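Here are my notes on the model you sent over. Have it open while you read, and take the points in any order you like.

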Amino acid sequence: MSAVVTIRMEDPGLKLEKETNSLNLLREKMEKCSTLSKDMCSILTSFDEHLMKLEQTILPVYLETGNLQRRQENIDKILDRLDYVIQYYNVPKEVESKIRDGPSGCLQSYLECLKKIQSSIDFFQKNNQDCQELVELSTLFDDGAESLQSEFRNLLYRYSKPIPAITILDMLGMDDEMPTEEEKLSVEQLPDHVLQDLVKISQWLQSNNSEDYINVYSSIRSNVLTRSIQNLKDHLKNSSGSSNTLTVQNSPQMGSRRSIAKESTPRKPPKKIQQMFVRKATAVIAKYSPTVESAMLGHRFQSSLLPETKDEVIENDVMSFMTSVSGLLKLMQSELNLMHGVIPNKNKKVVFERVVTQAMENLVSEGELIVSKVKKSVSRHEFSAALNLFPILRHLMAIKADFEKLFQGCSSTLYDKLRGFVITVQATISKTLEEFIESIKNDPDTKMPKDGTVHQLTSNAIMLLEQLQDYQDILSSVLALQDSSFAASKDKGKLAFAQYITRVLSALTTTLNNKSNYYSDGFLCAIFRLNNLHYILKALQRTGLIEIVKLHASDVEKNLNLQIRDQKRVYSQSWSRVLHYVMEVDKPISQQRAVSNTSQLPTSMKLRDKDKQNIKDKFAGFNKEMEEITRTQKAYAVPDVELRESLKRDNKEFIIPKYTMFYEKYIDAGFTKNTDKYIKYTPQDISNTIDTFFDAAA
């Protein structure tokens, strides 16, 4: 508070003096600043004058320099443009020698030359269409394109070789052996470097709208595929000529590891194809081998039943055809894969169709030839020849999906050929099976087995049915269901087969009954029917066909047994003439029957001469009829051991008890002094004689 009072109380004079001094100092500063400003203005004015003078001096130089720079740039641009243009004029000289030499060995540089030519042509067409260089370049370009076409053709022709038959068989064999991924692709159609060159050439030709190479490719690869399949056929033919089992060595092209591991192991056709013919061969052996047939069915072996060798030719053709079909499928898949990069996607299916058409047509023609051979055999009533078509049909149906996949996008014409062949095979089989039934119904053979053994027709029919059993899975495609009530069944093949067996058995039994009427001996007729019915029943049971037939006719086994029993009853009547003499229909000494509880007459009873003669007549008649039936039935044949022994046993049970009673009754009756003349047979002799029945050698 005291400080404030002090300020307020300060002397005004002093304060004025201070203010005055400050004002003077300010004036001095202002004057000095004014002076400095004037000096700066003078300097700036002078500098401005100097700049104006410099500008007046430098500006013309600057302008001239700019003009010179623009001129230099224009000159550089003109020179660059001249160099650009001149290079096009120099292209003909630069590339002519390379174009004339062709692309062989230097494809990449050749394509670069063609690229330069194309650029030059484009330049001259835009800027100077009348120049001579354009003509030269166009000529060179055409020559280059033609050379590329030739190089494409030469490369493809030079390196496209038919696939060896051994390699194809190895490829097919892999399907049975589950190969690794490496082994699946081990077949090389073309070397990698050649394939790369073909891809480059095809891409260039395609980009320049030149598609003649596609026709070249189609022609060459079609020829290679056709030759590959033909080589396979020739190999199979030669192999089958030297051995029934085709054996070849592994191809060295199938990969080193696989070849080293198996090079010493003989190669065979695909197991699936072999197994079809192994089953058939087994059936043929069972049919025509005397030991097998006699042991299994008791059928008397006849040399006239031996198969003819011409059927083996058809089997070889079938095996060759099936192997060729599988080989063609593999090669077609390989061909489709080979086109990748070489043929544009839009043209692939068209080219593929061209490549495989000839091979496919040849194979279908071969199949049709087999069908034609089968038809000729069937026309001679060699119906078993049609069995050769079943493996073909099964094989084609098994790989049908693979062919359909390959033919997707192709015209229907190509696949229709294969499908048409399948239909032909189905129709031929179906017609043959129907004709077989008709041939059974109308069998013209009137020559009957003299001994009443199993008829050849029966053996053939059963054998055909047994062999058809292996193809139940495809029978639905060749046999129509006769009974519509089974249409909803899942296993139509087995049901169709059951109905067919029923029809065959019905026709067979009817025909056999009709044929048996040719026998003048009614009892031989019964033996004939008995042999055939028993053969049919046992064959159906042995092969398992009986269970299949029961699907359609559940009582078939019962009916066959009833028929067999009926024929046994008819046959037993052959003893009626023998029994006539021992049954004592006339009862010559009936008055003595009640004399004793035994069957013998009292030795003390004296027979009348009339009774003696009656007994003599009975023994004489019995002996005569016994000799006759022995002679007759020794010539009868009952080849089945079980049936033969059953008939002998029935005969003994039927005749011996009755003859024993007769024999014991009169053996000591004293009806004759010459006993050996009238009593030729003891009961044991009768039994021994019956044991000689049904055996001409006994």
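1. Let me start with one asparagine. Asparagine 531 sits in helix H20 (helices are DSSP runs of H or I, at least four residues, strands are runs of E, at least two, and both are numbered from the N terminus). Asparagine 531 is buried, at 3% relative accessible area; buried means under 20%, exposed over 50%, and partly exposed in between, with a 1.4 Å probe and protein chains only. Leaving aside neighbours within four places in sequence, its contacts (heavy atoms within 4.5 Å) are Gly452, Thr453, Val454, Ala637, Val638, Pro639 and Leu643.

2. A word on what you're looking at. This is a predicted model, where local features need pLDDT of at least 70 and side-chain atom pairs count only at pLDDT 80 or more, while totals for chains, interfaces and linings use all residues. Residues are numbered from 1 along each chain as its sequence is written, and side-chain values use heavy atoms, with hydrogens and water left out.

3. How confident is the predictor? The mean pLDDT of the protein chain is 80, and 80% of its residues reach 70 or more (pLDDT is the predictor's confidence in each residue, from 0 to 100). Helix H20 (residues 522-543) has the highest mean, 94, and helix H9 (residues 256-262) the lowest, 35. Residues 175-185 fall below 50, and that stretch has 14 contacts in the model beyond near neighbours in sequence. Residues 588-604 also stay under 50, with 29 contacts beyond four places in sequence.

4. Now the overall build. The protein chain has 27 helices and 0 strands. Of its 698 residues, 43% count as buried. Among contacts with a separation of 6 or more, 79% are between residues 24 or more positions apart.

5. Glycine 493 deserves a look. Glycine 493 lies in helix H19 (residues 492-516) and is buried, at 6% relative accessible area. Its C-alpha atom is 4.1 Å from that of serine 476, 17 residues away along the chain. Beyond four places in sequence, glycine 493 is in contact with Gln472, Leu475 and Ser476.

6. On to the aromatics. The structure holds 16 aromatic pairs (ring centres of Phe, Tyr or Trp, its six-membered ring, within 6.5 Å; planes under 30 degrees apart are stacked, over 60 edge-to-face, the rest tilted). Phenylalanine 152 and tyrosine 213 pair edge-to-face, at 5.3 Å centre to centre and 75° between the planes. Phenylalanine 152 is in helix H4 (residues 132-159) and tyrosine 213 in helix H8 (residues 212-242), so the pair ties together parts 61 residues apart in sequence. Both residues are buried. Elsewhere, Tyr571, Trp575, Phe693 and Phe694 form one aromatic cluster.

7. Which charged side chains pair up? There are 23 salt bridges, meaning a side-chain nitrogen of Lys or Arg within 4 Å of a carboxyl oxygen of Asp or Glu. One of them joins arginine 542 and glutamate 466, with the closest N and O atoms 3.4 Å apart. This pair links distant parts of the chain, with arginine 542 in helix H20 and glutamate 466 in helix H17 (residues 456-468), 76 residues apart. Arginine 542 is partly exposed at 31%, whereas glutamate 466 is buried at 16%.

8. Another salt bridge is local. Aspartate 566 and arginine 569 meet at 2.5 Å, N to O. Both lie in helix H22 (residues 556-572), 3 residues apart, about one turn of the helix.
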